[in-house]
Amino acid sequence: MSAEIQNRLTALGITLPQLAAPLANYVPFTISGNTLYISGQLPSKDGQVMKGLLGDNTSVEQGQEAARLCAINIIAQASAALGGDLGRVVRCLRLGGFVASTQSFFDQPKVINGASDLIVAVFADAGKHARAAVGVSALPLGAAVEVDAIFEIK
Amino acid sequence: MSAEIQNRLTALGITLPQLAAPLANYVPFTISGNTLYISGQLPSKDGQVMKGLLGDNTSVEQGQEAARLCAINIIAQASAALGGDLGRVVRCLRLGGFVASTQSFFDQPKVINGASDLIVAVFADAGKHARAAVGVSALPLGAAVEVDAIFEIK
Amino acid sequence: MSAEIQNRLTALGITLPQLAAPLANYVPFTISGNTLYISGQLPSKDGQVMKGLLGDNTSVEQGQEAARLCAINIIAQASAALGGDLGRVVRCLRLGGFVASTQSFFDQPKVINGASDLIVAVFADAGKHARAAVGVSALPLGAAVEVDAIFEIK
């Protein structure tokens with residue numbers, strides 16, 4: 001990992017988790033040439049998933065924290081994909097943000113900013129990504145947010 | 001921009017809007033090699049977003065118009081990404097279409113045709129794209145439709 | 001098609017369907033360099049779509065069968081894209097799994113395993129993919145599941 005990125009993670013108080021591989025016929029990431037695809041990550045921390053439904057039992061601030069946890073897990077998966085060397089990230093190309101939402105909750109962008117802000121805090125300009133943010137009816141394990149990602153790597 | 005594409009836009013009565021950059025840590029587009037990723041675009045026009053929920057307060061025809069506005073914004077972002085030269089578009093590879101839908105609205109393909117038809121009207125065969133169309137519970141700002149895109153460029 | 005992949009399809013009792021092209025301005029697949037994008041596929045078989053809403057009128061097992069049908073159609077589209085030679089598949093890079101879900105259904109991963117398991121049964125290690133699985137409010141034609149895909153090809 002480049003020292004600069006590690007320094008930023010340290011300054012943010014983030015220790016990348018060791019994530020278990022999915023118990024299924026899919027994998028946390030795939031690489032094709034210079035493109036790294038990261039599977040949808042849930043807002044899990046210490047084995048607990050942040051559950052919730054925006055517009056009902058979950059505030060925008062809680063949703064942002066959930067999105068931030070998704071982004072930490074994305075970075076952890078990217079690190080695993082790159083043998084621990086996050087300095088190989090050229091650019092975060094795209095985040096796909098899914099927010100568990102009632103029919104009357106319309107602040108998905110604010111929620112997913114929790115992920116976008118962290119990616120840019122860690123990767124600086126290389127973290128600036130295209131994005132889609134949508135409200136979905138439900139997410140795995142009752143999660144409030146799910147985020148997937150595509151990176152350009154070297 | 002290639003004259004041919006400009007002529008088609010003119011014939012369709014479309015003036016590409018000047019879009020503001022998002023006030024956040026994401027960007028309207030990223031480029032990796034020959035691939036251009038466009039962020040999810042809302043059906044905005046003159047600062048107003050077409051709101052709605054298909055199956056409830058919004059007709060298929062209104063949804064199609066919303067999807068068409070999303071596609072105009074996609075083309076405007078592609079133009080910005082390519083320094084105004086839409087002749088650099090080799091192919092529209094994929095559209096992702098999200099339609100704010102009740103549980104009993106199943107005409108997402110008809111709605112997203114509003115975007116697909118415009119992309120092909122502007123780019124002709126180079127506009128023929130792969131696509132996914134799904135119904136979501138809610139979209140940013142109460143939008144009826146959101147569409148993102150991937151292009152091959154030269 | 002490589003003999004090995006055909007043998008696995010035969011052992012699974014799967015005959016790839018001849019799929020009609022969409023009656024619209026989009027196409028079932030696009031290719032950019034080594035990347036193949038497959039449009040969202042519905043759980044259709046013999047002209048019938050498996051309808052349903054998970055958490056309401058459809059069981060996890062029925063959802064898995066629907067996801068498996070989506071994956072069969074993905075493979076059929078990939079075969080068409082590759083002139084019948086599925087041996088040109090280098091890797092399934094990503095599946096996007098959309099499950100029609102009530103607000104209280106959280107087993108999207110189990111449902112989409114129906115697609116993931118089939119892709120790996122057919123392509124072996126080359127079938128191991130990144131994935132996102134989310135619950136949506138409704139899908140085209142009332143389908144229970146929709147899955148799209150990205151492949152690396154040679």
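These entries go from the chain copies to a helix and then to the sheet.

I noted the conventions: residues count from 1 along each chain as its sequence is written, and chains are lettered from A and ligands numbered from 1 in the order in which they are written. This is a predicted model, where local features need pLDDT of at least 70, side-chain atom pairs count only at pLDDT 80 or more, and totals for chains, interfaces and linings use all residues.

**Copies.** I laid chain A on chain C: a turn of 120° and a shift of 0.0 Å along the axis give an RMSD of 0.0 Å (least squares on C-alpha atoms of residues with pLDDT of at least 70 in both). That is the relation of a three-fold axis. Only 8% of the interface residues of chain A are also interface residues in chain C, so the copies meet through different surfaces (contact: C-beta atoms, placed from the backbone, within 7 Å).

**Helix 2, chain A.** I checked its span. The 22 residues of helix 2 (60-81) of chain A reach 31 Å from first C-alpha to last, close to the 32 Å expected at 1.5 Å a residue (1.5 Å times one less than the residue count; helices are DSSP runs of H or I, at least four residues, and strands of E, at least two, numbered from the N terminus). A:Gly83 follows helix 2 of chain A, with a positive phi near 60°.

**Sheet, chain C.** I found an open sheet of five strands, order 1-2-7-5-6, with mixed pairing (strands pair at two or more DSSP bridges). Strand 5 (89-100) and strand 6 of chain C run parallel, joined by seven bridges. C:Leu95 stands opposite C:Arg131 in strand 6 of chain C.

Methods: Two residues are in contact if their C-beta atoms, placed from the backbone, lie within 7 Å.
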